[in-house]
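Please look through the structure below before reading on. The paragraphs that follow take it one part at a time.

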Amino acid sequence: MLLSVRDLTVRFRTHDGTVHAVNGVSFDLEAGETLGLVGESGCGKSVTNLAVMRLLPQPAGHIEGGQVLFDDMDLVQASEASMRDLRGREIAMIFQDPMTSLNPVLTIEEQMVETIQAHKQVTTADARARAIELLGRVGIAEPAGRLRDFPHQFSGGMRQRVMIAMALALEPKLLIADEPTTALDVTIQAQVLELLQRLTAEEETAVILITHDLGVVAGMTSRINVMYAGFVVEAATTPDLFARPRHPYTVGLLHSLPRLDAGSDEPLIPIEGVPPDLRLAPVGCQFAARCAWRIERCWSEIPSLEPLEPGTTVRSTGPGATHRIACWNPPTPEEAEAGAPLRPGFVAAPPPDEPAQAPKTAAPR
Amino acid sequence: MSETGPAQGARGVIDADEQLLEVSGLKVYFPITRGIVIQRHVGDVRAVDGVSLTLRRGETLGLVGESGCGKSTFGRAILRLYRPTAGQIVFEGNDITTLGGAALRSLRRRMQMIFQDPYASLNPRMTVGGIVGEPLDIHSIGTRNERRQRVEELFEIVGLDPTFAERYPHEFSGGQRQRVGVARALAVNPDLIVADEPVSALDVSIQAQIVNLLERLQSQFRLTYLFIAHDLSVVRHISDRIAVMYLGRLVELAPSRELYDAPRHPYTVALISAVPIPDPAIESKRRRIILKGDVPNPASPPPGCHFHTRCWLRERLGNPAECEEVEPQLRVLTTGHEVACHFAEQVEGSEEQRRASGRGTSPAPDAARSATSADVPAPPQRPAGQ
């Protein structure tokens with residue numbers, strides 16, 4: 001096992017109260033695997049990975065509990081010095097906006113050579129040669145000449161290529177890509193995704209791809225964890241998740257997404273309401289307020305991530321990974337297909353006491 | 001348009017005879033100048049470079065393209081927020097290209113805009129009730145009491161609680177703010193609404209709420225939309241027809257279903273192939289056309305066809321000189337389907353066209369999809385008490 005995250009809990013202490021960003025997230029990753037983390041803004045997908053890298057914004061962010069085992073070393077307990085050594089060499093990260101993650105006052109050469117020399121005992125000439133080789137591999141024309149350029153002299157797509165080159169410079173075992181193509185146009189996104197897929201396959205790098213775009217994970221990953229309000233609500237292999245989505249949130253997401261290949265005028269079924277206020281400690285299923293399938297129990301008990309078929313031995317990785325959901329009342333396959341409960345007379349359970357929550361949840365019909 | 005009589009649009013009746021807006025040869029250039037005191041004109045950014053199209057009353061025309069293709073500039077130019085460099089804009093039979101002063105202000109009652117960023121497009125110091133009522137004040141519509149009632153009514157229409165009118169924008173979520181933006185646009189009962197990336201800043205589940213709202217309002221108030229977005233999936237869902245722009249020019253215009261099923265411009269084919277589809281079974285059958293390099297600088301676009309520097313078809317045809325020398329004009333291929341490409345006929349039936357949508361040479365995606373789900377026995381439902 002390359003990476004094993006166990007019960008990771010992350011909180012932020014802010015002036016407005018404690019934000020429950022990640023609430024006991026567990027997942028595993030084998031060497032060379034690609035895992036997608038999908039969810040909307042604020043679901044904790046980025047924070048999970050910042051916690052893995054121990055890069056949570058300080059002093060607000062805090063790992064409250066859990067373990068992050070990377071090659072059997074617990075990163076939560078690791079010293080800052082060993083984390084510094086690990087970042088870049090063992091685990092590399094690519095961010096959404098390449099302009100803010102590159103230093104604007106240094107040339108690409110200075111940044112790449114510095115990265116390489118920080119972790120490897122090589123001469124500047126060797127580091128430079130390696131940088132040129134890498135830029136060539138990510139498809140930058142005349143790499144030797146462009147090395148002297150500053151980040152602003154590259155286009156958005158080119159900057160993201162430079163970031164990929166820098167991330168792969170030290171042949172890391174794990175690459176965390178946080179919305180790597182969200183800022184790019186769709187044809188440029190296609191270029192960058194193709195590059196990312198090819199290079200990580202060649203190097204057998206494990207990848208965690210964080211994105212809100214279900215289309216991107218469909219083509220890029222072998223397994224997916226769907227996150228909502230700091231919980232993993234559904235975990236499955238990519239083909240299984242799309243063929244048999246079983247958590248009401250995943251079902252809702254797939255029905256609210258317009259598809260390019262949809263038949264004529266298939267109506268969108270939106271998920272009503274808004275995500276919960278993360279400053280309130282979770283009581284019950286976090287999705288309950290927006291869920292059409294909720295039963296009374298959903299309001300008061302937090303469901304854990306369990307296999308679809310009870311009693312199945314859980315396989316957490318690989319192509320035969322067990323399909324798991326965290327739900328007390330999952331939709332049947334027919335209901336998942338229709339996007340709404342079909343059981344005669346079923347009514348979503350009303351909240352235990354009338355909406356005394358934040359006023360934000362009251363408005364949209 | 002060669003269609004006659006009312007056609008059934010996505011949501012209600014489109015009157016093919018009633019052209020609400022007619023744009024011909026529209027150009028919007030932004031000058032590039034040098035010097036501080038004496039500014040020399042050294043060139044132009046050709047944001048919109050000769051676009052002609054027609055909007056029929058009651059339809060939704062989608063305008064897609066990548067950043068910098070000029071789609072937003074076009075949308076703003078037809079509202080006369082920019083002064084056109086050349087060309088003509090005709091709204092309900094009246095030339096509005098050079099309108100100014102009071103005439104322009106009263107025209108703006110008829111056309112409204114919904115913006116992308118619900119955070120930046122609402123004044124943080126005004127209550128949302130004030131924001132929605134402001135267009136009524138500007139156009140002096142109704143008495144103070146009537147305006148207040150109208151604001152309440154607008155809140156109900158867009159699905160907001162009227163008691164929230166006294167709150168400020170920061171108290172609302174992104175989706176609710178966008179509803180406020182929609183209510184503001186509706187306040188003066190416009191005919192045309194230009195929606196510039198109205199859902200791009202929103203999360204997927206909220207996006208669908210706003211898309212459904214816009215669809216409902218269209219049939220309720222017989223609105224005409226120019227829906228500008230970069231997300232082809234959303235545009236395809238909401239639009240009756242789609243116009244594709246590349247580097248300031250229109251390259252293809254087609255009914256939205258047809259644009260996906262049978263794109264005829266090499267750029268449209270590449271664009272469609274690049275859009276990820278959330279279904280691994282279909283994704284595995286598709287093949288992306290990876291365009292080389294980036295979009296050229298709109299200050300010095302390539303001669304001839306603007307797309308020729310990145311075109312896969314031109315390469316296939318052995319780089320014909322025509323592409324570099326002659327600017328292709330928009331021409332009608334089939335009814336309602338117009339393309340600006342010298343070799344559009346070569347696209348039809350090509351491997352690229354088929355693989356872009358995932359139809360490939362294998363059986364229809366629907367058949368493949370139902371086969372996989374049939375192989376897997378439906379798991380027993382988990383008892384609620386687990």
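In chain B, 66% of the contacts between residues at least 6 apart in sequence join residues that are at least 24 apart. This is a predicted model. Chain B has 386 residues, and 47% of them count as buried. Its secondary structure consists of 15 helices and 14 strands.

Strands of a sheet pair through backbone hydrogen bonds, and the pairing is either parallel or antiparallel. Chain B contains an open sheet of four strands in the order 4-3-6-7, and the pairing is antiparallel. At the edges are strand 4 (40–56) and strand 7 (94–95) of chain B, each of which pairs on one side only. Strand 4 of chain B pairs with strand 3 (residues 19–34) of chain B over 13 bridges, in the antiparallel sense. To find a point on strand 4 of chain B, take B:V45, which is the bridge partner of B:F30.

A helix also belongs to this picture. Helix 1 (residues 71–78) of chain B lies across strand 3, strand 4 and strand 6 (86–91) of chain B. The direction of helix 1 of chain B is at about 115° to strand 3 of chain B.

B:R125 sits in the loop between strand 8 (111–114) and helix 3 of chain B. Is B:R125 buried or exposed? It counts as exposed, because B:R125 has 8 C-beta neighbours inside 10 Å, and a residue with 12 or fewer is classed that way. B:R125 and B:Y168 are 43 residues apart along the chain, while their C-alpha atoms are separated by 7.1 Å.

Two packed helices are described by the angle between their axes and the distance between the axes. Helix 3 (residues 128–138) and helix 4 (residues 144–157) of chain B pack at an angle of about 120°, and their axes are 9 Å apart. Helix 3 of chain B is therefore oblique to helix 4 of chain B. The crossing of these two helices of chain B is right-handed. From helix 3 of chain B, the residues B:G129, B:V132, B:G133 and B:L136 meet B:R147, B:R150, B:V151 and B:L154 of helix 4 of chain B. By class, the residues of this contact are four nonpolar, two polar and two charged.

Finally, consider where the two chains meet. Chain A brings 54 residues to the contact, and chain B brings 53 residues. On the side of chain A that touches chain B, helix 8 (186–203), helix 9 (214–220), helix 10 (238–243) and helix 11 (248–256) of chain A each supply at least two residues. Helix 8 of chain A gives the most, with six residues. This side of chain A has 27 nonpolar, 15 polar and 12 charged residues.

One helix pair spans the two chains. Helix 11 of chain A and helix 6 (residues 204–221) of chain B have axes that come within 9 Å and cross at roughly 45°. So helix 11 of chain A is oblique to helix 6 of chain B. The crossing of helix 11 of chain A with helix 6 of chain B is left-handed. A:G252, A:L253 and A:S256 of helix 11 of chain A make the contact with B:V204, B:S205 and B:A208 of helix 6 of chain B. The residues of this contact divide into three nonpolar, three polar and no charged.

Methods
Residues numbered from 1 in each chain as written. Chains lettered and ligands numbered in written order. Predicted model: local features only at pLDDT ≥ 70, side-chain atom pairs only at ≥ 80, totals over all residues. Pairing = 2+ DSSP bridges. Contact = placed C-beta atoms within 7 Å. Axes fitted to C-alpha atoms, helices over the stretch in contact; angles between N-to-C directions. Parallel < 35°, antiparallel > 145°, perpendicular 65-115°, else oblique. Left-handed = near helix turned anticlockwise from the far one by under 90°. Nonpolar A, V, L, I, M, F, W, Y, C, P; charged D, E, K, R; others polar. Buried ≥ 20, exposed ≤ 12 C-beta atoms within 10 Å, placed from the backbone.
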